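Visitor: I am new to structural models. Would you please show me how to read one, feature by feature?

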There are 2 protein chains.
Amino acid sequence: MADTAAAPTVRATVGDSEFDRDTAVTQREPGVYDIDLSAGWTIVNAVNGGYLLAVVGRALAHALPHSDPFTISAHYLTASDPGPAVIRTETVRTGRGLSTGQASLVQFEADGTEVERLRVLASYGDLDALPDDVRTTAKPPELPPVDQCFGADDAPPEQRAVPGSSAIADRLWLKLDPSTLGWALGQPSGKGEMRAWFGLADGRDADPLSLLLAVDALPPTAFEMGLSGWVPTIELTVHVRARPVPGPLRVSITTRNLAGGFLEEDAEVWDAADRLVAQSRQLARARLT
Amino acid sequence: MADTAAAPTVRATVGDSEFDRDTAVTQREPGVYDIDLSAGWTIVNAVNGGYLLAVVGRALAHALPHSDPFTISAHYLTASDPGPAVIRTETVRTGRGLSTGQASLVQFEADGTEVERLRVLASYGDLDALPDDVRTTAKPPELPPVDQCFGADDAPPEQRAVPGSSAIADRLWLKLDPSTLGWALGQPSGKGEMRAWFGLADGRDADPLSLLLAVDALPPTAFEMGLSGWVPTIELTVHVRARPVPGPLRVSITTRNLAGGFLEEDAEVWDAADRLVAQSRQLARARLT
C-alpha cells in the first residue's frame, strides 16, 4: 500500500505491472490455460476472490472472440492455494455483439487429485463498441479527499487497520473513508457500508479485468456491522459497464440484508470521469454473533 | 390475472397448481430431464426468463442433494420457444451445507439441430436449516393497498396497461403501484422504478422456486424510463434468502444505470411477514431512443 496520501507516482502500465504478471495465463492447448497463482494477492492465507476472478476472466478474454467481461458470475467451491492451477474454458456461444463462455479453475493435491476451486459463467463483448448514451440516476459515492482517508500504513504499527495484514495490502492503493472505519477502532457503525479510493500500488491504470479485482478488495461490510472473522464468498457476479479512464477509482460497498448466516455485498465502482464502470453483487457467509 | 381487488381466492396448492404443472420435469436418465415448455408463460411470443429459470431450478433441485436455490445465475443465449426441451445437469460439488450444480436447457430445430437456450450455475442449500437471526437494514417497499393498485384487467379494454398483452398475464396476480404506472398512460416518470403486489392467479402460495419467477415478472423498469420495446435479459442472478410465508408478495424493481445500451434491474421480493425473501439483479439490453 502506498504510504503517501496522493495516488501512487510509480507508473506501471497496463500489460507491464504486478497485476498483469500475476494474472498472466499460458495457453497449454486451445481453451486450456496454465497459471501460477501468486501469493501476492492473499488475505491472511486465502487467495483473494477478486484476483481469482480476474485470472479466469483473462483466460476467457483469450478464449472468446470478445475481450471485455460484460457480466461474469463465479461460484467459489473450495479455497485456492498460491501455486499452479489450470483453467479450462468452454465457448458456449459466439454472437456478433456478445459471446458466452464457461470456465473452471482447478488445482491438484500432492497425490494428483484434481480439486475444482471455482466455476465461472460469463458473457463478453466489446465495451468500445457501445453507444455513448448514459441515462443514469446513480450518483458517485461521497468520499472525503484522499488525504483525509486512511490506508493500512496510516495506522500506527501496533494498531494496523486491517487485522491479519496480508500480502494483497502491498499491491493495492486503498484509502478508506474514515466514516466507514469505525470497526478498526472497535466502534463499528452498525451500517453495512464501506467506501474507499482504489488503485493498484504500482500505479497501473484500471481496465475491465482489474475491475474484477476492485469489487472484492475492500474490507468486508460485515466488519462495520460488528461481525468479525472470515466472510467467504459463495458467489460473485460483476457487470462491467464502461471502460474506466485513467485515475483513481472510488469503490462503494453496501449490505442491506444480513440474515440466516448470509449477506449480500453490492459494489459500485466509479472512475475519475464520474462514470459508473462496474456493479457487482456477491452472496457471502457471515457468522452471526 | 384476478379481476378482484383482493388476493385470489381459488386456492391452488404448492405441488398442484399451474406453476407446478408447467415447471414439472421428467427424469430421462440421471441428471437429464425432459420438460414441455408451456405457452402459458409467454410475453408477446417470448417465453418468460423467470419461468425458464424456475424450470431449470426445479431440475437442479432434483439433481442436487439440496433443494433450495441459495444463489442461481442464468446466462440467456437464445430465445426459447414453447414446446419440448431437455435440461442437462452436472453436479459440480456437494458439501454438507451447500452443493453447486450447473445446467443447460436445450431445444431442437426441425432438422434435429440442438440449440442451447440458457446456461445456469447455482449453489443450493436448505433454507430451513439456517439460523433465524436477521440483522437487516433493508425496508419493505412502500406500496399502496392492493385495492389502490392496478392490474391488466383494471384498464378499459381499449387501453390495457400491458402492451401486447400476453399469456403470462393470465397466470399472475399482479397489482402495480400507480406511481410506477405513468408509462401506461404515456407519461413515464423517468425513474427506473416498478413496484407491485405479486401472486399466482390460481392462489398457489410462493415457494423458493416461484420466487425465481417473481423477480422477472413485472413490466421492465425501462418503460418508466421512457423506453419502449423488448428488454432482453443477458444474465439474471437470484439470491433466495428465506422461505416465504403464505400471502401476497411485494416486488420492487430498480434501475440505477442505463448506459451504453444496457441496464441493470435489481429486484427485491418481500413476503407477508415483512421478510426480504429474494434479491436479484439482471443485466439486460435496452434500445436507447
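**Charged pairs and burial**

Guide: Arg195(A) is buried, with a relative accessible area of 15%; buried means under 20%, exposed over 50%, and partly exposed in between (1.4 Å probe, protein chains only). The model is predicted, so local features need pLDDT of at least 70 and side-chain atom pairs pLDDT 80 or more, while totals for chains, interfaces and linings use all residues. Residues are numbered from 1 along each chain as written, chains are lettered from A and ligands numbered from 1 in the order written, and side-chain values use heavy atoms, without hydrogens or water.

Visitor: With which residue does Arg195(A) form a salt bridge?

Guide: Side chains of opposite charge can pair when their charged atoms come close. Here the partner is Glu193(A), and the closest N and O atoms of the pair are 2.9 Å apart. A salt bridge requires a side-chain nitrogen of Lys or Arg within 4 Å of a carboxyl oxygen of Asp or Glu. Glu193(A) is partly exposed, at 29% relative accessibility.

Visitor: How many salt bridges does a search of the whole structure find?

Guide: The search finds 40 salt bridges over all chains. One of them joins the side chains of Arg88(B) and Glu114(B), at 2.9 Å from N to O. Arg88(B) belongs to strand 6 of chain B and Glu114(B) to strand 8, so this pair ties together parts that are 26 residues apart in sequence. Helices (H or I, at least four residues) and strands (E, at least two) are DSSP runs numbered from the N terminus. Arg88(B) is partly exposed at 35%, and Glu114(B) is partly exposed at 41%.

Visitor: Are the residues Glu116(B) and Arg119(B) buried or exposed?

Guide: Glu116(B) counts as buried, at 17% relative accessibility. Arg119(B) is buried too, with a relative accessible area of 5%. Their side chains meet in a salt bridge of 2.6 Å, N to O. Salt bridges can also share partners: in chain A they join Asp20(A), Arg58(A), Arg204(A) and Asp207(A) into one network.

Visitor: How should I read a helix, and how many residues has helix 2 of chain B?

Guide: Helix 2 of chain B spans residues 49-63 and has 15 residues. Since 13 of its 15 residues are buried, helix 2 is largely enclosed by the rest of the structure.

Visitor: Which residues does Met194(B) touch?

Guide: Met194(B) is in strand 10 (residues 193-200) of chain B, and it counts as buried at 0% relative accessibility. Leaving aside residues up to four places away in sequence, Met194(B) touches several residues, among them Leu176(B), Trp183(B), Pro219(B), Glu224(B) and Ile253(B); contact here means heavy atoms within 4.5 Å. By comparison of sequence and space, Met194(B) and Ala242(B) are 48 residues apart in sequence and 22 Å apart, C-alpha to C-alpha.

Visitor: What is the phi of Asp274(A)?

Guide: Most residues other than glycine have a negative phi. Asp274(A), although not a glycine, has a positive phi of about 60°. Its place is the loop between strand 14 (262-270) and strand 15 (276-285) of chain A, and Asp274(A) is partly exposed at 44% relative accessibility. In chain B, Asp274(B) also has a positive phi of about 60°. Asp274(B) lies in the loop between strand 14 and strand 15 of chain B and is partly exposed at 45%.

Visitor: What rotation superposes chain B on chain A?

Guide: A rotation of 180°, with 0.0 Å of shift along its axis, superposes them with an RMSD of 0.0 Å. The two copies are thus related as by a two-fold rotation axis. The same surface serves both copies, as 100% of the contact residues of chain B recur in chain A.

Visitor: How many residues of chain B are in contact with chain A, and what area is buried between them?

Guide: The contact involves 56 residues of chain B and 56 residues of chain A. About 4,900 Å² is buried, and carbon and sulfur atoms give 51% of that area. Between the chains there are 8 salt bridges. In one salt bridge, Glu268(A) pairs with Arg256(B), and the closest N and O atoms are 2.6 Å apart. On the side of chain B that touches chain A, the largest share, 7 residues, comes from strand 15 of chain B.

Notes. Expected span 1.5 Å × (residues − 1). Least-squares fit on C-alpha atoms with pLDDT ≥ 70 in both. Buried area = accessible area lost by both parts, 1.4 Å probe.
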